[in-house]
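Reader: Can you walk me through this one? I want packing, pairing and ring geometry.
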Amino acid sequence: GNAITGLGYVVTPVPLHPPLSLVRETLEGLRGSLVFNLFEGFAGCPETEAVVADLLAELGLPFTGCPGPALALALDKPRAKAALQAAGINTPHYQLLSPANLATFHLSYPCIVKPCAEDASHGLSEESVVYDDASLARQVSRISQLFGGRALVEEFLEGREFNATVLGHRELTVLPISEIVYALPPGKPKLLTFASKWETEHPYFSATKVACPAPVEPWEREEVAATAMAAFRILGCRGYARVDMRLDREGRLNVIEVNPNPDISPDSGAIRQAQAAGMSYTEFIAKIV
């Protein structure tokens, strides 16, 4: 808000409260030249993030960030992965499993078991990486019970991990890329868990560092940037999004996921990348506007 005010705009915060019928009423009453869309979905209902963007579009209100279809597609991880694969982008091999169809499992261990439609690393812990049938069955059962009856199971890539923030619409800019650097004890999977992001007292929090700009060769930087832009376009993103990538055993770059409208608070990864590009926080917000 302060950054937008600093650009000379008059800002009115608009809190949203469920149900969605009330949200529509609130949005229908808005008057202004732009909605800076920071809505991330109601608690426990991440799909409402896309619904609000769709409502803004339907009401003809210009808004920042990604359109509803991109938010919905990125949240539906299996559908997003299928779209990336269809366009020739590498993404880890995967299956949708539940306790009922575990016998169809045909991937190679280690695997990671995730919710199909959650963000902010909900449901991810060091137990999410499984190395045998018993731990696979346990995690699929847990995630299926907690998150909608099915789990997304992917082959777990253990190579270098990068992320890149893409800005723009027709003309795209990729900010300096970040590498996630892990200082974990042997046997702990290198993984951005919920704890590594949000629980300051957890061992994973202190053992997870970010190098930005990432120490990579120019050709590697080009490949990461080109892959990030391609994924951004395939999912129909606009404005800003973060693309998370990892190298597989053969050194090939894989897209793990696309995060449209990522966190852009002053201490976020996106802002660290903007600062590495020589942009101030206000300049970054101005670019989005």
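Predicted model: local features only at pLDDT ≥ 70, side-chain atom pairs only at ≥ 80, totals over all residues.

Reader: Noted. Start with the four-stranded open sheet. What is the strand order?

Author: The order is S1-S4-S2-S3, and the pairing is antiparallel. Strand S1 (94-97) and strand S3 (129-130) are the edges, each pairing on one side only.

Reader: How many bridges hold S1 to S4?

Author: Four bridges, in the antiparallel sense, with S4 covering residues 151-155. Within that pairing, Tyr94 stands opposite Glu154 in S4.

Reader: Which helix packs on that sheet?

Author: Helix H5, residues 77-86. H5 touches S1 and S4, and its direction makes about 155° with that of S1.

Reader: Switch to S5. How many of its residues are buried?

Author: Seven of the eight residues in strand S5 (residues 161-168) are buried, so S5 is largely enclosed by the rest of the structure.

Reader: Which strands does S5 pair with? Start with S9.

Author: S5 and strand S9 (residues 239-247) run antiparallel and are joined by eight bridges. Val166 has Ala241 as its bridge partner in S9.

Reader: And how many bridges to S7?

Author: Three, again antiparallel, with S7 at residues 178-182. There, Asn163 is partnered with Ser178.

Reader: What about S6? What sense does that pairing have?

Author: Antiparallel, over three bridges, with S6 at residues 172-174. Leu167 has Thr173 as its bridge partner in S6. The link from S5 to S6 is a hairpin through three residues.

Reader: OK, helices. Which residues of H3 are buried?

Author: In helix H3 (residues 48-58), they are Thr48, Glu49, Ala50, Val52, Ala53, Leu55 and Leu56.

Reader: What do they pack against?

Author: Helix H2 (20-28) and helix H4 (68-75).

Reader: What comes after H3?

Author: Gly60 follows H3, and its phi is positive, near 75°.

Reader: Now the core. Which residues touch the most other members of the largest one?

Author: Leu27, Phe162, Leu235, Cys237, Met245 and Val255, out of 42 residues in that nonpolar core.

Reader: Which elements give two or more residues to it?

Author: H2, H3, H4, H5, S5, helix H9 (218-234), S9 and strand S10 (253-260). H3 gives the largest share, five residues. There is also a second, separate core of 14 residues, which includes Ile4, Leu167, Tyr240 and Ala274.

Reader: Stay with Cys237. Where does it lie?

Author: In the loop between H9 and S9.

Reader: Is Cys237 buried or exposed?

Author: Cys237 counts as buried because its relative accessibility is 6%. The cut-off for buried is under 20%.

Reader: What does Cys237 touch, leaving out residues up to four places away in sequence?

Author: Cys66, Pro67, Ala70, Phe232, Val258 and Pro260.

Reader: Rings next. How many aromatic pairs turn up in the whole structure?

Author: Two. In one, the centres of Phe39 and Phe42 are 5.0 Å apart with the planes at 75°, so the pair is edge-to-face. Phe39 and Phe42 are both buried.

Reader: Why is the pair of Phe105 and Tyr109 tilted?

Author: The planes of Phe105 and Tyr109 are at 35°, so the pair is tilted, and the centres are 5.1 Å apart. For reference, stacked needs planes under 30 degrees apart and edge-to-face needs over 60.

Reader: Buried or partly exposed? Take Phe105 and Tyr109.

Author: Phe105 counts as buried, at 17% relative accessibility. Tyr109 is partly exposed, with a relative accessible area of 25%.

Reader: Last one. Which ring does the charged end of Arg238 sit over?

Author: The ring of Phe63, 4.8 Å from its centre.

Conventions: Residues numbered from 1 in each chain as written. Heavy atoms only, no water. Pairing = 2+ DSSP bridges. Contact = heavy atoms within 4.5 Å. Axes fitted to C-alpha atoms, helices over the stretch in contact; angles between N-to-C directions. Buried < 20%, exposed > 50% of the residue type's maximum accessible area, 1.4 Å probe, protein only. Phe/Tyr/Trp six-rings, centres within 6.5 Å; stacked < 30°, edge-to-face > 60°. Lys NZ or Arg CZ within 6 Å of the ring centre and 35° of its normal. Core = buried A, V, L, I, M, F, W, Y, C linked by side-chain atoms within 4.5 Å.
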